[in-house]
Amino acid sequence: MSYAYVVQVETFTEVLHDFVKISLFDIKGRCPQIKPHLAAYFDKAYIVVSEDAWIDIADVGVHKGHTVEILQQRLGVSAEETMVFGDGLNDIELMTRATWSFAMRNAFDETKQAARFITGYNDDDAVMTTIEQVLKLQQ
């Protein structure tokens, strides 16, 4: 449900465009056990278990935290002026880029430890509720 357009290919030679991320899905949720088998590539790619059923692979140094850093630089926004939210293991670097870092209540423990604050559950519209509450404090 994260992607608007998905095409299945037999081989990577069918991919005609550059891509920024490869996502691997294991219906049995064994990605934490699969990741160590990719260790030979850790110095060549950023490989993270985002959830038990998903592994994300991108260029070394390319992750959500780096993207936020670029946005902060381009927009002239500081970490103190930045809010981030996350629940997956691929959000840990993101949490270090903002003073206002929130892990969802259903987040992985490692993500919660990286965040400054814990908010509600994804299914309870907690991101929007938290943003509204923080904005009210600014008034």
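## The nonpolar core

A nonpolar core is a set of buried Ala, Val, Leu, Ile, Met, Phe, Trp, Tyr and Cys residues joined through side-chain atoms within 4.5 Å. In this predicted model, the largest such core has ten residues: Cys 31, Leu 38, Ala 45, Tyr 46, Ile 47, Val 48, Val 49, Ile 55, Ile 57 and Leu 89. Two elements, β2 (45-51) and β3 (54-59), each give two or more residues to this core. The most comes from β2, which contributes five residues.

In soluble globular proteins, nonpolar side chains tend to be buried together.

## Overall layout

The protein chain has five helices and six strands. Along the sequence they follow the pattern β-α-β-β-α-β-α-β-α-β-α. Of the 139 residues of the chain, 29% count as buried. Taken along the principal axes, the C-alpha atoms fill a box of roughly 55 × 35 × 30 Å.

## Salt bridges

Side chains of opposite charge can pair when their charged atoms come close. With a salt bridge taken as a side-chain nitrogen of Lys or Arg within 4 Å of a carboxyl oxygen of Asp or Glu, the count comes to five. One of the bridges joins the side chains of Asp 26 and Arg 30, with 2.9 Å from N to O. Asp 26 has a relative accessible area of 9%, so this residue is buried. Arg 30 is partly exposed, because its relative accessible area is 40%. Another bridge is formed by Asp 43 and Lys 44, whose closest N and O atoms are 3.4 Å apart. Here Asp 43 is exposed, at a relative accessible area of 59%, and Lys 44 is also classed as exposed, at 56%.

A further bridge is formed by Lys 64 and Asp 91, where the closest N and O atoms are 2.7 Å apart. This pair links distant parts of the chain, 27 residues apart: Lys 64 is in helix α2 (residues 64-75), and Asp 91 is in the loop between β4 (83-86) and α3 (92-95). Lys 64 counts as partly exposed, with 36% relative accessibility, whereas Asp 91 counts as buried, with 3%.

Four residues gather in a patch of negative charge on the surface: Asp 123, Asp 124, Asp 125 and Glu 132. Asp 124 is placed in the loop between β6 (117-118) and α5 (126-138). The relative accessible area of Asp 124 is 53%, and exposed means over 50%, so this residue is exposed.

Asp 125 also lies in the loop between β6 and α5. Most residues other than glycine have a negative phi. The phi of Asp 125 is near 60°, a positive value in a residue other than glycine.

## A nonpolar surface patch

Tyr 5, Val 7, Val 9, Phe 12, Val 15 and Phe 19 make a nonpolar surface patch of about 640 Å². One of these residues, Val 9, is found in the segment before β1 (22-25). Val 9 has 31% relative accessibility and therefore counts as partly exposed.

With a relative accessible area of 30%, Glu 69 is partly exposed. Glu 69 and Val 84 are 15 residues apart along the chain, and their C-alpha atoms are separated by 12 Å.

Terms used. Residues numbered from 1 in each chain as written. Predicted model: local features only at pLDDT ≥ 70, side-chain atom pairs only at ≥ 80, totals over all residues. Heavy atoms only, no water. Buried < 20%, exposed > 50% of the residue type's maximum accessible area, 1.4 Å probe, protein only. Helix = DSSP H or I, 4+ residues; strand = E, 2+ residues; numbered from the N terminus. Patch = residues over 30% accessible without salt bridge, like charges linked within 9 Å, V, L, I, M, F, W, Y side chains within 5 Å. Areas by Shrake-Rupley, 256 points an atom, 1.4 Å probe, with all protein chains shown as cover. Lys, Arg positive; Asp, Glu negative; His and termini not counted. Charge placed at Lys NZ, Arg CZ, Asp CG, Glu CD.
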